[in-house]
Amino acid sequence: MAVVSGVRRAVGWIRWYVREVSGESVYDRYVAHTRSHDPDAEVMSRREFERRRTDEREADPRKGFRCC
């Protein structure tokens, strides 16, 4: 059972790492933050959130990875 527990812990860590590196967890943090400050607030859909995030990165070249 210790091996199974170790494997589960390793898989959980890898999943956490991939979500952090890929930026997937940013939306989850946004939702948690919004709900904690105002439970009745309307939360953007993931699609709206990612669109706004992309627009903000492209509007400021210092935040994005654009060369031009």
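A salt bridge is a side-chain nitrogen of Lys or Arg within 4 Å of a carboxyl oxygen of Asp or Glu. The legends below apply this definition to a predicted model, in which local features need pLDDT of at least 70 and side-chain atom pairs count only at pLDDT 80 or more, while totals for chains, interfaces and linings use all residues. Residues are numbered from 1 along each chain as its sequence is written, and side-chain values use heavy atoms, with hydrogens and water left out.

**Figure 1. Confidence along the chain.** The mean pLDDT of the chain (the predictor's confidence in each residue, from 0 to 100) is 88, and 91% of the residues score at least 70. Helices are DSSP runs of H or I with at least four residues, numbered from the N terminus. Confidence is highest in helix 2 (residues 25-37), with a mean of 94, and lowest in helix 3 (residues 46-59), with a mean of 90. Where pLDDT is low, the predicted coordinates should not be read in detail.

**Figure 2. The salt bridge between Glu20 and Arg29.** The side chains of Glu20 and Arg29 meet in a salt bridge with an N to O distance of 3.2 Å. Burial is classed by relative accessible area: buried is under 20%, exposed is over 50%, and partly exposed lies in between (1.4 Å probe, protein chains only). Glu20 is partly exposed because its relative accessible area is 31%. Arg29, at 44%, is likewise partly exposed. Elsewhere, salt bridges that share partners join Arg19, Glu24, Asp28 and Arg46 into one network. The whole structure holds 6 salt bridges.

**Figure 3. Surroundings of Arg19.** Arg19 belongs to helix 1 (residues 2-22). With a relative accessible area of 16%, Arg19 is buried. Apart from residues up to four places away in sequence, Arg19 touches Glu24, Ser25 and Asp28, where contact means heavy atoms within 4.5 Å. Its side chain forms a salt bridge with that of Glu24, at 3.1 Å from N to O. A salt bridge also links the side chains of Arg19 and Asp28, at 2.1 Å from N to O. Glu24 is partly exposed, with a relative accessible area of 39%, and Asp28 is partly exposed at 33%.

**Figure 4. A nonpolar surface patch.** Trp13, Ile14, Trp16, Tyr17, Val18 and Val21 make a nonpolar surface patch of about 680 Å². Patches consist of residues with over 30% relative accessible area and no salt bridge; like charges are joined within 9 Å, and nonpolar side chains (Val, Leu, Ile, Met, Phe, Trp, Tyr) within 5 Å. Accessible areas come from the Shrake-Rupley method with a 1.4 Å probe, and for residues only the protein chains shown count as cover. Val21 is found in helix 1 and counts as exposed because its relative accessibility is 58%.

**Figure 5. The largest nonpolar core.** This core has 5 residues in all: Tyr27, Tyr30, Val43, Met44 and Phe49. A nonpolar core is a set of buried Ala, Val, Leu, Ile, Met, Phe, Trp, Tyr and Cys residues joined through side-chain atoms within 4.5 Å. Neighbours within four places in sequence aside, Tyr30 is in contact with Glu42, Val43, Met44 and Phe49.

**Figure 6. Thr34 and its contacts.** Thr34 lies in helix 2 and is buried, with a relative accessibility of 14%. Beyond its neighbours within four places in sequence, Thr34 is in contact with Ala41 and Val43. The C-alpha atoms of Thr34 and Met44, 10 residues apart along the chain, are separated by 9.8 Å.

Terms used: Helix = DSSP H or I, 4+ residues; strand = E, 2+ residues; numbered from the N terminus.
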